[in-house]
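Hi everyone, thanks for coming. Have a look at the sequence and the structure on the screen, and then I'll walk you through a few spots.

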Amino acid sequence: MPTTTKRTAALFAGLLLAALAGCSSGDKGGNEALGTKAVAPPVQKKAAVQGLPGMPPVLDPKDAYAADRPNALQPAVKNFLDRVYVPNTNSNTVSVIDPKTYKVIETIRVGHQPQHVVPSWDMKTLWVNNDLGDSLTAIDPATGKVGRTVQVSDPYNLYFTPNGKYAVVMASMDRELAFRDPVTMNRVKTVPVHCAGVNHADFSMDGRYFIVSCEFSGELLKVDTEKMEVVAHQKLPFDGAMPQDVKMSPDGKTFYIADMMAHGMWVLDGDRFSTPTLLPTGKGCHGLYISRDSKEMYISNRGEGSISIFDFTQNKLTKKWHLPDGGSPDMGGVSADGKVLWLSGRYDAEVYAIDTATGKELARIPVGSGPHGLAVYPQPGRYSLGHTGIFR
């Protein structure tokens with residue numbers, strides 16, 4: 001065979017081998033020389049969450065707080081007054097702070113022992129929980145004006161089911177969960193509980209159950225939302241446990257429960273409701289708040305005047321901020337832009353404004369006696385689950 005013919009045959013054989021290699025199962029890129037196209041990888045669709053009937057669809061099954069991004073205010077609330085509402089349990093008042101000036105601009109007299117200021121499910125009303133006054137006082141966040149007062153027994157705290165069908169009153173001393181109409185507050189169903197001091201809660205990603213802390217007996221409850229029934233309960237594995245705030249992780253896999261006597265937060269698998277483990281944070285661990293990017297959680301340690309930072313991605317505590325002059329950081333919330341963490345100083349008649357980027361104290365504002373569950377308003381989110389503002 002002539003040399004040129006041999007070279008041509010060798011070249012053709014090389015191209016053929018290359019084409020065959022390009023078509024092998026290990027190559028998904030195709031071969032442009034032969035006119036083949038790359039095989040597109042399958043689209044990884046996020047599994048839809050089958051939520052509680054009637055609740056808004058979950059935006060992101062990997063992030064329950066996807067609707068809570070900085071300044072992502074819904075049209076219904078974006079023109080509301082930018083305020084911080086502070087219930088003073090011993091003064092029977094609500095101090096209203098202008099967050100731009102860090103000044104108290106109004107003091108509202110309410111019922112006996114207001115504990116928390118709670119945004120309604122539709123986010124259009126703020127409810128002041130007058131615990132010993134057996135009443136709820138409405139505040140219109142558009143005007144800041146006080147509205148009606150509704151008689152409700154023992155409203156220590158207030159939540160709303162994710163579909164907006166019911167308000168759930170945490171009746172601590174009555175030892176019950178009272179499911180009520182979210183507008184009229186008329187009682188629909190009473191669920192007696194055997195634990196003492198039901199106080200805080202949070203709902204699962206699909207809204208089908210919620211976890212409740214029982215402050216005085218050191219227990220946790222799991223409640224079926226649709227059936228309105230307690231389906232499980234457990235005693236925390238710590239002598240003298242006193243669980244407080246409850247918060248779900250962004251991916252919905254874990255619940256965290258602050259414990260002011262165990263000085264840390266319990267880490268719980270909500271679906272399995274197995275025995276939780278304790279992560280120490282600081283003396284008097286009390287309040288739990290998610291950052292606007294869903295990456296971190298701010299943890300108030302009331303007994304030592306500090307805030308611990310938990311990183312969800314790293315699954316560990318990464319920082320601790322200490323208030324420069326001490327204090328008793330308790331309950332609160334994050335500003336709409338995510339730049340300021342607001343916390344009440346429960347035993348010091350003051351409120352703290354803290355820079356979320358640096359941990360620096362921006363302001364320390366005198367208020368009434370016994371400030372507790374303050375609400376920063378308005379905030380991003382599509383609907384409120386209650387407390388001082390759990391939005392999804």
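Let me start with a question: which charged end sits over the ring of Tyr-209? It belongs to Lys-222, and it lies 4.3 Å from the ring centre. By our rule, a charge sits over a ring if NZ of Lys or CZ of Arg is within 6 Å of the ring centre and within 35 degrees of the ring normal.

A quick word on where the values come from. This is a predicted model, where local features need pLDDT of at least 70 and side-chain atom pairs count only at pLDDT 80 or more, while totals for chains, interfaces and linings use all residues. Residues are numbered from 1 along each chain as its sequence is written, and side-chain values use heavy atoms, with hydrogens and water left out.

Now the overview. The chain has 1 helix and 28 strands; these are DSSP runs numbered from the N terminus, helices being H or I with at least four residues and strands being E with at least two. Of its 392 residues, 56% count as buried, where buried means under 20% relative accessible area, exposed over 50% and partly exposed in between, with a 1.4 Å probe and protein chains only. Contact here means heavy atoms within 4.5 Å. Among contacts between residues at least 6 apart in sequence, 47% join residues at least 24 apart.

Back to rings. Rings of Phe, Tyr and Trp (its six-membered ring) pair if their centres lie within 6.5 Å; planes under 30 degrees apart are stacked, over 60 edge-to-face and the rest tilted. That rule gives 12 aromatic pairs. One of them is Phe-203 with Phe-210, a tilted pair at 4.7 Å centre to centre and 40 degrees between the planes. Both Phe-203 and Phe-210 are buried. And why is the pair of Phe-310 and Phe-312 called edge-to-face? Because their planes stand at 80 degrees, with the ring centres 5.6 Å apart. Phe-310 and Phe-312 are buried too. Ring pairs also link Tyr-166, Phe-179, Phe-203 and Phe-210 into a cluster.

Next, a polar residue. Gln-244 lies in strand E16, residues 243-248, and its relative accessibility is 1%, so it counts as buried. What does its side chain reach? The side chain of Glu-215, in a polar contact of 3.3 Å. A polar contact is a pair of N or O atoms within 3.5 Å; within protein, one must be able to donate a hydrogen and the other to accept it, and residues adjacent in sequence count only if both atoms are side-chain atoms. Leaving aside neighbours within four places in sequence, the contacts of Gln-244 include Asn-199, His-200, Cys-285 and His-286.

Finally, two sheets. Two strands pair if DSSP finds at least two bridges between them. Inside, E9 (residues 167-171) and E10 (residues 176-180) pair over 5 bridges, and Met-170 stands opposite Leu-177 in E10.

The other open sheet of 4 strands has the order E24-E25-E26-E27, again antiparallel. Its edge strands are E24 (329-334) and E27 (361-366). Strand E26 (residues 350-355) pairs with E27 over 5 bridges, and Glu-350 has Pro-366 in E27 as its bridge partner.
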